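Hi,

Here is the structure I promised to pass on.

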Amino acid sequence: MAAMVVAALRRGRGSCSSRVFAQSFRRFASTLVVAEHEGGQVKPSSLSALAAAEAVSKENKVSVLLGGSGPALHKAAEHAASSHPLVSEVLVADSDSFAHPLAEPWADLLRSVQQKGGYSHVIASSTSFGKNLLPRAAALLDVSPVTDVTAITEERVFVRPIYAGNALCTVRYTGVDPCMMSIRSTSFSPTTTEAMSETKVAPITQVDLSFLSEGSLGKSTWVSLTSQDTERPDLANARVVVTGGRGLKSAENFKLLEQLAEKLGAAVGATRAAVDAGFVPNDLQVGQTGKIVAPELYMAFGVSGAIQHLAGMRDSKVIVAVNKDADAPIFQVADYGLVADLFEVLEELLKKIPDKK
């Protein structure tokens, strides 16, 4: 390989020789996917990141990086090893330092793995973890990340939304390796179960953690995690999402949406106005500063359709809006719109939709 490149450089001149070298190098491109896991399974958003790695190049060798400690980590590593046909290796960082999503130790881990692996691409999902980690790790590696990618047209040409999703920008990365990017998980479909069943199991390797020191812990510390126990699906990955806006008027009225969600097997979402008013906690917020969703069915009750909210749900397959204001912007993106009192509509739906079995 080296002889071929040297010969090409001697034969060519200027940009031609550079292009031959670049093409020869890209043929051996490899990708590192920074994955998240929970309950012994790789999260769906990280499976979408693997789909993005396939979009970079179908000949890519993909390594998956997992961190944490305990049996759940190793169970997740086994899941990752057979999660996609392109996965060639699973790297496991087994340490309590990575048990929680703190940017400081994770950024040091990513820098160490990158320096040893020499990956051409590093991909993470645009989750709160990915958004927290990627910029810090990119600064340590002295590169500029490409964020919130929705499409990959070439190995280093990406599409990402700007102006709250009202325009799409095509970006070409011209920096040095690695090309670091976060992807919008709703834009990349994970590998199907049928394809995963035919996937060969990749080897699992322990990461050398000799670089860890007191300095790696940084200035932030993990305090606690507060979460709500619910049988409803996760908002970011639900097939059906029922969202309420300020038009619901109170936290008590949001219970009507919860009842509807129970009947539909749906997740409950909210606008920023509803969250700011204290109707629901902020982990239910959908929008530019909340969660990005793209369910098969999105039902919006009392949602005006502010541009920041539309940025988080405009990719939904079918959008249904109920609002008494016929001029509400939400109707411009809705597939089905009903100008009516949302409480009357909710009452009728709760009566006519049977309970989920």
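**Around Ser 126**

Leaving out residues up to four places away in sequence, Ser 126 touches Lys 131, Asp 148, Ser 182, Ile 183 and Arg 184, where a contact means heavy atoms within 4.5 Å. Before I go on: this is a predicted model, in which local features need pLDDT of at least 70 and side-chain atom pairs count only at pLDDT 80 or more, while totals for chains, interfaces and linings use all residues. Residues are numbered from 1 along each chain as its sequence is written, and side-chain values use heavy atoms, with hydrogens and water left out.

Back to Ser 126, which sits in the loop between S6 and H6. Helices (H or I, at least four residues) and strands (E, at least two) are DSSP runs, numbered from the N terminus. With a relative accessible area of 18%, Ser 126 is buried; buried means under 20% relative accessible area, exposed over 50%, and partly exposed in between, using a 1.4 Å probe and protein chains only. The Ser 126 side chain also makes a polar contact with the side chain of Asp 148, at 3.5 Å. For that term, the pair is N or O atoms within 3.5 Å; within protein, one must be able to donate a hydrogen and the other to accept it, and residues adjacent in sequence count only if both atoms are side-chain atoms.

**The chain overall**

The secondary structure comes to eleven helices and 17 strands. Of the 357 residues in the chain, 45% are buried. Among contacts with a separation of 6 or more, 66% are between residues 24 or more positions apart.

**The seven-stranded sheet**

There is an open sheet of seven strands with parallel pairing, in the order S7-S11-S6-S1-S4-S5-S12. Two strands pair if DSSP finds at least two bridges between them. S7 (146–149) and S12 (204–206) are the edge strands, each pairing on one side only. On average, neighbouring strands here are turned by 25° against each other, direction ignored. S7 and S11 pair in the parallel sense over two bridges, and Val 149 has Ile 183 in S11 as its bridge partner.

Helix H3 (residues 44–56) lies across S1, S4 (61–68), S5 (87–94), S6 and S11, and runs at about 150° to S6. Helix H4 (residues 71–81) packs on the sheet too, touching S4, S5 and S12, and its direction makes about 170° with that of S5.

**Helix H6**

The 14 residues of H6 should span 20 Å at 1.5 Å a residue, and its end C-alpha atoms are 21 Å apart, which agrees. The expected span is 1.5 Å times one less than the number of residues. Buried residues in H6 are Phe 129, Gly 130, Leu 133, Leu 134, Ala 137, Ala 138 and Leu 141. They pack against S1 (30–34), H5, S6 (121–125) and S11 (179–183). Just after H6, Asp 142 takes a positive phi of about 60°.

**Aromatic pairs**

The structure holds three aromatic pairs. Rings of Phe, Tyr and Trp (its six-membered ring) pair if their centres lie within 6.5 Å; planes under 30 degrees apart count as stacked, over 60 as edge-to-face and the rest as tilted. Trp 106 and Phe 129 have ring centres 5.1 Å apart and planes at 80°, so they are edge-to-face. Trp 106 is in H5 (residues 103–117) and Phe 129 in H6 (residues 128–141), so this pair ties together parts 23 residues apart in sequence. Both Trp 106 and Phe 129 are buried.

Phe 254 and Phe 279 form a tilted pair, 6.3 Å centre to centre with 50° between the planes. Phe 254 counts as buried at 1% relative accessibility, and Phe 279 is buried at 15%. Ring pairs also link Phe 98, Trp 106 and Phe 129 into a cluster.

**Strand S16**

Four of the five residues of S16 (residues 318–322) are buried, so the strand is largely enclosed by the rest of the structure. S15 and S16 run parallel, joined by five bridges, and Ala 300 is partnered with Ala 321 in S16. Three bridges join S16 to S17 (residues 336–338), again in parallel, with Ala 321 opposite Gly 337.

Cheers

Note on methods: Axes fitted to C-alpha atoms, helices over the stretch in contact; angles between N-to-C directions.
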